[in-house]
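Open the model in your viewer and keep the selection panel at hand.

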Amino acid sequence: MAPIEPTTHDQDPGDETRSLRRRRTVRLLVPVAVAGVAAGTIGLVPALADSGSSDPKLPGVTAEELVTKLAGTQVDTFSGTVKISTDLGLPGLIAGGASGAGSSPFGPGAGGEEDAEGAGATADPRSQLPALLSGSHTVRVAVDGPDKQRLSIVDETSEYSLIHNADQVWAYDSATNQVFHAEGGDHRAPGGQHEGRLPAELPTPQEAAEQALAAVDATTSVTVDGTSEVAGRDAYDLLITPKQDGSTVGSVRIAVDAENGAPLKFTLTPKGSERAAVDIGFTKVSFAEPKAGSFDFTPPKGAEVTEAEDLREKADAAGESARGSFEDLAGLGLNPGDVSLIGEGWDSVLRTELPEGVLSGKAFEKGKQLPEGFDPKTLLNSLGDRVDGDFGEGTVITSRLVNVLVTDDGQVYLGAVTKDALIAAAEK
Amino acid sequence: MLRVDTEERAGEVVTPRVAEPLARPGRSGTLSLFWSELGLTFRRWRTLALFAILAVIPVVVGIAVKIETRDGGVAGGGDGEGPAFLSQVTNNSLFLVFTSLAVTLPFFLPMAIGVIAGDAVAGEAGVGTLRYLLVAPAGRSRLLLAKANATAVFCAAAVLVVSVSALLTGMALFPVGDVTLLSGSTISFGDGLLRVLAVAGVVAASLLGLAAIGLFISTLTNSGIAAMATTVGVMITVQILDAIPQLDMIHPYLFPHYWLGFVDLVRDPVIWDQVQDNLVLQAVYVAIFGSAAWARFTTRDISA
């Protein structure tokens, strides 16, 4: 670049000022142009990718063909990055408990001294996975058949990894440097529920899609709604819409890989909303066999290892079935036998009963420490709205997808149905 | 101190060029201009003080972690709270580098960059040495380029000071050995050092956008203090904007947005997306504010 000397030569002063001004104007255009090009590139690229014109052109298929393709997919090896965004509109307290992974609205301070040992901060999957219920998370998955899976929840400065290899299950939480280990068919929760194999437990697109398809019957409309591109792959969009009025589900959309029928993206949108409540989709995917080493795990030096067995023994000894909201419920006697189903299809409502004394707070007093002035009823009322009907009075806790009615005499009704439909079901 | 700078300019830089007016600055001229800028930046007390602060922070963090875990306790209370990677530091000295960078990245490092970049042009204009420089046929573009390069070198040096200090403190206080990555897999200490190098490089590069902004602001005023304050103010404002969830549509375009993305280099396998986005973003900022600084500096009236 030639040296630039705006003020060195003997020129007529007026001339100089004019040329300087012109030069200044021209030069100021340079950063403006650079900014324009940058903004254009940044702004236009996603806009073009989003616009309908770039949707892949694929041969037409019927809904039945697509469902078959999805159901019959032979894909059992894949790896990639999944983005999970959930916006269930849960009351703040519950959502906070979920993201706090282990603290519970039913048992603040529960466990007493054991908490000091870090019982609430183990790498136990049950204390980590509820975090996925709120917000947006990046999850890396690798699957090689039914015996080998790996899943990592990628946080800003930490990572939680869950590795299943044959009869070994390992979990590592880098934030606390703790390891959880379970062996054999033994990886059951202390409370007795079966943990299940990893892919059945975790909301990969595959998993979520299968659940939605299980609900397909006369109550549901299933159509093929165009095509889309997910993680660089061409896909058909399967659109599932409930025909029943009472459901809070607006639509379920599944992007099915045009080549191999693998589900790539799952979106659940509540009725009357544009914003998805659950959005699980690959941002990157490969159907090649993952590297064999991906499924090996050796506990890092210095990490604290919790054995599933020890955890269970400790819990049994303490006379508590578990920690965390779900286990607390189980411990309070919510056995599956107490649950009945009202209604059909999308309008189904689960009915169950709270054990005696929960609402009055009496049930908590044995072996559990309740904070001063803690009243379950007040807590419940602060979470929801008071309603009345044939069932007497109760509280409805609403979210964008699931509504729960707890009556004052301890009946619980839960369903992905509107508040009115829930009350109607309770009145039957 | 300012007087010394003035004399330095008069003695080392300006006089020789005035004495040999026929020598048109070629490649070697550009280089010597860069070296003189670099010398000017790094010989200042201010710069040395900044380096000293940056070097002390890892030592403080290291000692604090050591004291907290002295009797077998877990850093950060064992629940993963506190600065990033705190629970890993006790197991491996290398993690003190990552913790220290995560601690200094939100404020101390960018503040240091703001001071140096903001002062680069405005400081000399304020003291009155700038016009002597411009008498020499070095050319304003060349001078600005030399200053920009010296600022970039300072970014790298500042990150290096934090990293080396953290590495030495870590090796003195904590075990040296195989490194556990965030994903739970283990690599050798040598490979770990390579990751540290990569992380330091990415962190240094992620400060370049702010450096360009500082340099541009520096060409707008004759007051070095005003330019520094404005640059640091811009840095803080943008970080606040980056923390407001309601503004998440603009977040990917804010220069500090991917700063913590260096963490992805400590995973297995490495996730490159954020690092790549960060580098592109910094390049865009450098292009926009670098050209703006050039447009302003080459056309402005320099009277002081």
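A polar contact here is a pair of N or O atoms within 3.5 Å; within protein, one atom must be able to donate a hydrogen and the other to accept it. Keep in mind that this is a predicted model.

**Stop 1: the interface.** Select chain A and chain B together. By the polar-contact rule, 11 residue pairs meet across the interface of chain B and chain A, both residues at pLDDT 80 or more. Now select the elements on the side of chain B that touches chain A. Those giving two or more residues are helix 4 (86-89), helix 8 (140-173) and helix 12 (273-297) of chain B. Helix 12 of chain B supplies the largest share of that side, 8 residues. Colour the side of chain B that touches chain A by residue class: 19 are nonpolar, 13 polar and 9 charged.

Then show both sides. Chain B puts 41 residues into the contact and chain A puts in 39. Together the two chains bury about 3200 Å², with 55% of that on carbon and sulfur atoms.

**Stop 2: a salt bridge between chains.** How many salt bridges does the rule find across the interface of chain B and chain A? The count is 2. Zoom in on D273(B) and K284(A). Their side chains form a salt bridge, at 2.7 Å from N to O.

**Stop 3: the sheet of chain A.** In chain A, 12 strands make an open sheet with mixed pairing, in the order 7-8-9-10-11-1-2-3-4-5-6-12. Strand 7 (220-230) and strand 12 (304-307) of chain A are the edges, each pairing on one side only. From one strand to the next, the twist averages 15°.

Select helix 2 (residues 63-71) of chain A next. Helix 2 packs on the sheet and touches strand 7, strand 8 (233-242), strand 9 (249-257) and strand 10 (263-270) of chain A. The direction of helix 2 makes about 110° with that of strand 8 of chain A.

**Stop 4: one strand pair.** Pick strand 1 (residues 77-86) and strand 11 (residues 278-286) of chain A. They pair in the antiparallel sense over 8 bridges. Which residue of strand 11 is the bridge partner of S85(A)? Look at D279(A).

**Stop 5: a salt bridge within chain A.** Over all chains, a search of the whole structure finds 19 salt bridges. Select E259(A) and R233(A), one such pair, whose closest N and O atoms are 3.7 Å apart. E259(A) sits in the loop between strand 9 and strand 10 of chain A, and R233(A) in strand 8 of chain A, so the pair ties together parts 26 residues apart in sequence.

Notes. Residues are numbered from 1 along each chain as its sequence is written. Chains are lettered from A and ligands numbered from 1 in the order in which they are written. This is a predicted model: local features need pLDDT of at least 70, side-chain atom pairs count only at pLDDT 80 or more; totals for chains, interfaces and linings use all residues. Side-chain values use heavy atoms; hydrogens and water are left out. Two strands pair if DSSP finds at least two bridges between them. Helices (H or I, at least four residues) and strands (E, at least two) are DSSP runs, numbered from the N terminus. Axes are lines fitted to C-alpha atoms, for helices over the stretch in contact, and angles run from 0 to 180 degrees between N-to-C directions. Contact means heavy atoms within 4.5 Å. Buried area is the accessible area (1.4 Å probe) that two parts lose on being put together, summed over both. A salt bridge is a side-chain nitrogen of Lys or Arg within 4 Å of a carboxyl oxygen of Asp or Glu. A polar contact is a pair of N or O atoms within 3.5 Å; within protein, one must be able to donate a hydrogen and the other to accept it, and residues adjacent in sequence count only if both atoms are side-chain atoms. Ala, Val, Leu, Ile, Met, Phe, Trp, Tyr, Cys and Pro count as nonpolar, Asp, Glu, Lys and Arg as charged, and the others, Gly among them, as polar.
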